[in-house]
Amino acid sequence: SKREIKMRKLDSTKVRPLKSEQLLHIEDHDFALRPGFGGSPIPVGIDVQVESIDSISEVDMDFTMTLYLRHYWKDERLSFRSNKNKSMTFDGRLIKKIWVPDVFFVHSKRSFIHDTTVENIMLRVYPDGNVLFSLRITVSAMCFMDFSRFPLDTQNCSLELESYAYNEDDLMLYWKHGNKSLSTDEHISLSQFFIEEFSASSGLAFYSSTGWYNRLFINFALRRHIFFFVLQSYFPAMLMVMLSWVSFWIDRRAVPARVSLGITTVLTMSTIMTGVSASMPQVSYIKAVDVYLWISFLFVFLSVIEYAAVNYLTTIEERKQLKKRGKASGMYSMDAAQAMAFDGCFHDTDVDMDLSPFPDPCEENETRASQTNISNEDTPRLRRKRSLKGNVGRIILQNNHVIDTYSRIIFPSVYIVFNFFYWGLYM
């Protein structure tokens with residue numbers, strides 16, 4: 001009734017609220033056009049706060065970064081009256097109704113705006129028409145990496161921002177606060193890299209069909225931590241090379257020992273090289289780690305070839321000695337190498353031997369000698385055994401080829417020189 005309608009009008013608590021669209025006069029303007037259309041380009045300031053660098057991928061040659069991207073511009077169409085000179089803040093629902101800069105990331109592979117619990121978008125409008133537009137974005141972009149010094153490398157990557165539709169005649173991108181426009185979180189850290197520096201720069205990009213565009217750069221340098229690769233690649237390779245040198249100190253007639261050691265070190269080096277290559281992109285140039293591992297592999301391989309040469313020359317020398325002594329035939333006058341092959345025991349040429357045409361194994365002879373009543377002085381084999389105990393060092397030196405003697409000095413010396421040259425060149 002009329003009385004109820006009158007009472008509602010007198011009720012001051014039921015005042016119809018003003019809508020944001022009405023306060024900003026959104027319906028009165030065509031926001032499909034940029035501010036100041038037809039005039040000078042609109043300046044849009046940018047500042048960035050890097051929250052984290054999530055990952056660096058050598059295989060894909062990209063990086064993933066989470067950042068706060070803020071835009072600053074002035075749109076007089078959004079100005080409003082305010083007695084207290086306060087700004088108004090909105091969420092992402094108003095973005096679709098007004099003009100905002102169309103900034104995108106050049107060379108990006110994928111990116112998204114965080115939407116938990118709602119879209120991480122903030123729009124703040126001031127009475128004079130100044131606008132602050134902020135987003136929280138995660139972006140994965142390309143980084144053109146050079147692995148020629150891997151893993152002693154430093155990678156320079158950049159994230160590039162540019163307007164997609166508006167060239168420099170319509171929109172001018174610039175850093176809002178100069179070099180201070182780029183800020184980073186103090187706790188940013190990576191497992192394999194140390195972040196050396198962050199810097200902001202700007203430039204121009206030309207497209208033949210659309211013209212010149214303003215482009216902003218977020219530059220950062222990453223230096224790789226070397227300790228992980230020292231433990232996983234360099235140190236094992238050093239140990240394998242040094243282990244291969246043990247072959248030079250083993251008797252040249254111990255064929256199974258020296259061959260087994262050489263083959264083991266070669267296979268281990270191959271495994272280390274395969275493991276390093278599996279985690280790297282298949283680039284067409286040589287990396288620093290490839291140089292070190294291949295040189296180390298060459299040292300191990302040469303130690304095997306060295307014994308092949310020693311064994312061959314030893315065989316030739318023994319044949320010449322047998323021919324000179326006129327003992328090339330006959331079982332009663334076998335030399336030390338033939339005796340060792342026959343009865344399984346080592347015999348030195350300077351030690352008295354009492355070999356029968358069909359000698360028994362060493363262990364059977366010693367057991368038989370201990371069971372008989374013959375004195376130890378009258379047993380030639382026991383005399384030989386005591387002589388060996390007192391002259392082990394002399395026998396080892398006499399039974400090593402001259403190549404082994406030189407290899408004990410040349411191989412370590414050359415490898416040490418190589419290491420000094422390598423670390424001095426790449427560090």
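The model is predicted, so local features are described only where pLDDT is at least 70 and side-chain atom pairs only at pLDDT 80 or more, while totals for chains, interfaces and linings use all residues. Residues are numbered from 1 along each chain as its sequence is written, and side-chain values use heavy atoms, with hydrogens and water left out.

**Stop 1: residues with a positive phi**

Helices (H or I, at least four residues) and strands (E, at least two) are DSSP runs, numbered from the N terminus. Select Met-61 in the loop between strand 1 (42-57) and strand 2 (62-74). Its phi is positive, about 55°, although Met-61 is not a glycine. Is Met-61 buried, partly exposed or exposed? With 24% relative accessibility, Met-61 counts as partly exposed. Here buried means under 20% relative accessible area, exposed means over 50%, and partly exposed lies in between, with a 1.4 Å probe and protein chains only.

Next, select His-107, in the loop between strand 4 (103-106) and strand 5. His-107 is not a glycine, yet its phi is positive at about 65°. At 37% relative accessibility, His-107 is partly exposed.

**Stop 2: cis peptide bonds**

Select Thr-116 and Thr-117, which are joined by a cis peptide bond with omega about 0°. Thr-117 belongs to the loop between strand 5 (108-113) and strand 6 (121-125).

Then move to Phe-150 and Pro-151. The peptide bond from Phe-150 to Pro-151 is cis, and its omega is near 0°. Pro-151 is in the loop between strand 7 (130-142) and strand 8 (154-163).

**Stop 3: salt bridges**

A salt bridge is counted when a side-chain nitrogen of Lys or Arg lies within 4 Å of a carboxyl oxygen of Asp or Glu. By this rule there are 16 salt bridges.

Select Asp-170 and Arg-34, whose side chains meet in a salt bridge with an N to O distance of 3.3 Å. Asp-170 is in the loop between strand 8 and strand 9 (171-175) and Arg-34 is in the loop between helix 2 (20-24) and strand 1, so the pair ties together parts that are 136 residues apart in sequence. Asp-170 is partly exposed at 26% relative accessibility, whereas Arg-34 is buried at 3%.

Now select Asp-62 and Lys-109. Their closest N and O atoms are 3.4 Å apart, and the two residues form a salt bridge. Asp-62 is in strand 2 and Lys-109 in strand 5, so this pair links distant parts of the chain, 47 residues apart. Asp-62 counts as buried at 5% relative accessibility, while Lys-109 is partly exposed at 39%.

The next pair is Asp-153 and Arg-224, a salt bridge with its closest N and O atoms 2.7 Å apart. Distant parts of the chain are linked again: Asp-153 is in the loop between strand 7 and strand 8, and Arg-224 is in strand 12 (residues 211-224), 71 residues apart. Asp-153 is buried, with a relative accessible area of 2%, and Arg-224 is buried at 5% relative accessibility.

**Stop 4: annotated spans and helix 5**

According to an unreviewed UniProt entry, the annotation "transmembrane region" covers residues 226-247, 259-279, 291-310 and 409-426. The UniProt positions are given in the numbering used here, feature names are shortened, and annotations may be inferred rather than shown by experiment.

Select residues 259-279, where the chain is 95% helix and 0% strand, with end C-alpha atoms 32 Å apart. Residues 409-426 are 100% helix and 0% strand, and their end C-alpha atoms lie 26 Å apart.

Then select helix 5 (residues 288-325). What span should its 38 residues have? At 1.5 Å a residue they should span 56 Å, and the end C-alpha atoms are 56 Å apart, which agrees. The expected span is 1.5 Å times one less than the number of residues. Gly-326 follows helix 5 and has a positive phi near 70°.

**Stop 5: a nonpolar surface patch**

Finally, select Val-402, Tyr-406, Ile-409, Ile-410 and Val-414. Together they form a nonpolar patch on the surface with about 490 Å² of accessible area. Patches are made of residues with over 30% relative accessible area and no salt bridge; like charges are joined within 9 Å, and nonpolar side chains (Val, Leu, Ile, Met, Phe, Trp, Tyr) within 5 Å. Accessible areas come from the Shrake-Rupley method with a 1.4 Å probe, and for residues only the protein chains shown count as cover. Tyr-406 lies in helix 10 (residues 402-426) and is exposed, with a relative accessible area of 52%.
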